[in-house]
Amino acid sequence: MNGPDADFIIIGSGPAGVSAAFPLIAAGRRVLMLDAGNDVGSRDESRSVRVLGGDLESLRADDGSSPKLQTPVSRGILERFQGESGIGGVGFMPIGSLTRGGLSNIWGAQISYLDADDIANWPIDIASLQKSYERISERIGISRNADFKRSAEGESVLPLGATAAYVLHRHRVAKPANGSFRLFPAVNAILSESRPGRAACDLGGDCLYGCPNGAIYNSRQDLLSLRKSPHFRLLDNMRAVSLTHNAGWTVRTADGSSFFAPRIILAAGVLGTAALLADHLPIEEQGLRLLNSPTLAIPLLSPQRLLRSSTPTHSLAQLGLSLRYGDGISDYVTGAIYEVGSLPAQNFINRMPLGRNAGRAAFERIAGSLLVATIYYPGDQSRSYIHRDAAAEKSLTIHGGFAEGFDILAEALKRALRREWKRLGLIQLPGASLAEPGVDAHFAGTLPMGASGPFGTSADGELNFHPGLHIVDGSIIPDLSSKYITMTIMANADRIAHRLAETEAKPAS
């Protein structure tokens, strides 16, 4: 038998995969990354193609999902995953990516950091995660939104839209007495200053259509740096379909190729990783618990901004928010507020009880005063399970649902939020809706760190009873707070890779 193809094989080129690769190649380890995608991107496409799609995908009937999931690039990514992954859903939308860069092609790019309370039940401490947060922040580039009238010395900043700035000012003037509600400028993985290969945000509002400047972080950007290393190799169009253990691990791909390494690092996303491990886990017996964040979308009107025009800004989150509803560690929701004027108009016009032309005219008059808030609940309010049925057409089926009593909690939260909107001079409009489970794409907890039994992993992401098989994506996050999870997934992958680089002896050259 020939020698291994690498010291580590990483499956997946998304944020977790690249975050694991950097520490390993820096330590001189040979890394082979297998990616189901390729280098073909949308940078050379005209704006009309990016916005409307090559086959006018944007003109399809509105399916009621988030605007970011209805753009041509999103439709292409989701349709390929749903067509090739073998994963179906019942009351659940399975979201994943088989594209270069993974879900960072369509992520919201909002940044959150967990604190010591958030990881109180994890088998790691906050100090080790904090070091990785700092490394990731420096690598991807982040900016905070700033009020035009305030200085943010030493920070990378981008301007708040005028309506968001007005709402933030109202919050500062009349904060809630008990401090349970917080509103603050959002932090996003977007550049306010250019870097090599990436231009700064030009406030053009193309964020949802594949930023042509590369201002929004996408993990495919990191591959340019990784490929400069002699220790790193990336293979295109290699969709992993099975794993076999034999004095190491063999990965077989859809085209019939196979690759061998002592250690495998799975970074295929929670759903993709579950599919790859289906033959190694007793999923049929009880199902695999999947944490996701129930998500509420709320349209808001600012009467003070009515008939005023929008100001140039990006389409990402303008403001972040949090609201505590109980005494438990995870008893809070978080969210973001977006300016509607910077979002695709058609998604809102389609929901108006007017004809197309009248709807567009009305929307253009009021868009500058409209906001949308998205609210995320913690994962313990979800009840979703991955099942395997050999007789089913799909190899895995996810059954989605909510925790018992969630409807009561959701109504109480709506009432509490209405009070906050009123204090901020906002009117909650009809149309607040709870998204179908899965649409949030905040997935975690299938193979939690620190858990015992066949579904548990070590603090280094090594799957119990399967030595040499490590997982670094959201699968191993033990519990899911309502905070945005991508930054933590990347930091945890970085932490694990540093551990592996330190503890695994470097092979003789």
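**Entry 1: aromatic pairs**

Two rings of Phe, Tyr or Trp count as a pair if their centres lie within 6.5 Å. With that cut-off in hand, I looked through this predicted model. I found seven aromatic pairs in the structure.

I took Phe92 and Phe443 to begin with. Their ring centres are 5.7 Å apart, and the planes stand at 35°. Where do the two residues of the pair sit in the chain? Phe92 is in the loop between β3 (87–90) and α4 (126–140). Phe443 belongs to strand β22, residues 443–444. The two are 351 residues apart, so I noted a link between distant parts of the chain.

Next I checked cover. Phe92 has 3% relative accessibility, so I logged Phe92 as buried. Phe443 has 5%, and Phe443 is buried too. The cut-off for buried is under 20%.

**Entry 2: a tyrosine pair**

I moved on to Tyr113 and Tyr133. This pair is edge-to-face, with 90° between the planes. The centres lie 5.0 Å apart. Tyr113 is in the loop between β3 and α4, while Tyr133 is in helix α4. The pair therefore ties together parts 20 residues apart in sequence.

Are these two tyrosines buried or exposed? Tyr133 is buried, at 1% relative accessible area. Tyr113 reaches 32%, so Tyr113 counts as partly exposed.

I also noted a cluster. Ring pairs link Tyr377, Phe402 and Phe406.

**Entry 3: a sheet**

I turned to the strands. Strands of a sheet pair through backbone hydrogen bonds, either parallel or antiparallel. I picked an open sheet of three strands, in the order β5-β4-β7. Its pairing is mixed. Which strands are at the edges? They are β5 (157–159) and β7 (187–188), and each pairs on one side only.

Then I followed β4, residues 143–146. This strand pairs with β5 in the parallel sense, over three bridges. I looked up the partner of Asn145, and found Leu158 in β5.

**Entry 4: the whole protein**

Last, I stepped back. I listed twelve helices and 23 strands. The protein has 509 residues, and 56% of them count as buried. The accessible surface comes to about 21,400 Å². Carbon and sulfur atoms hold 51% of that surface.

I finished with contacts between residues at least 6 apart in sequence. Of these, 72% join residues at least 24 apart.

Conventions
Residues are numbered from 1 along each chain as its sequence is written. This is a predicted model: local features need pLDDT of at least 70, side-chain atom pairs count only at pLDDT 80 or more; totals for chains, interfaces and linings use all residues. Side-chain values use heavy atoms; hydrogens and water are left out. Two strands pair if DSSP finds at least two bridges between them. Helices (H or I, at least four residues) and strands (E, at least two) are DSSP runs, numbered from the N terminus. Buried means under 20% relative accessible area, exposed over 50%, partly exposed in between (1.4 Å probe, protein chains only). Contact means heavy atoms within 4.5 Å. Accessible areas come from the Shrake-Rupley method with a 1.4 Å probe; for residues, only the protein chains shown count as cover. Rings of Phe, Tyr and Trp (its six-membered ring) pair if their centres lie within 6.5 Å; planes under 30 degrees apart count as stacked, over 60 as edge-to-face and the rest as tilted.
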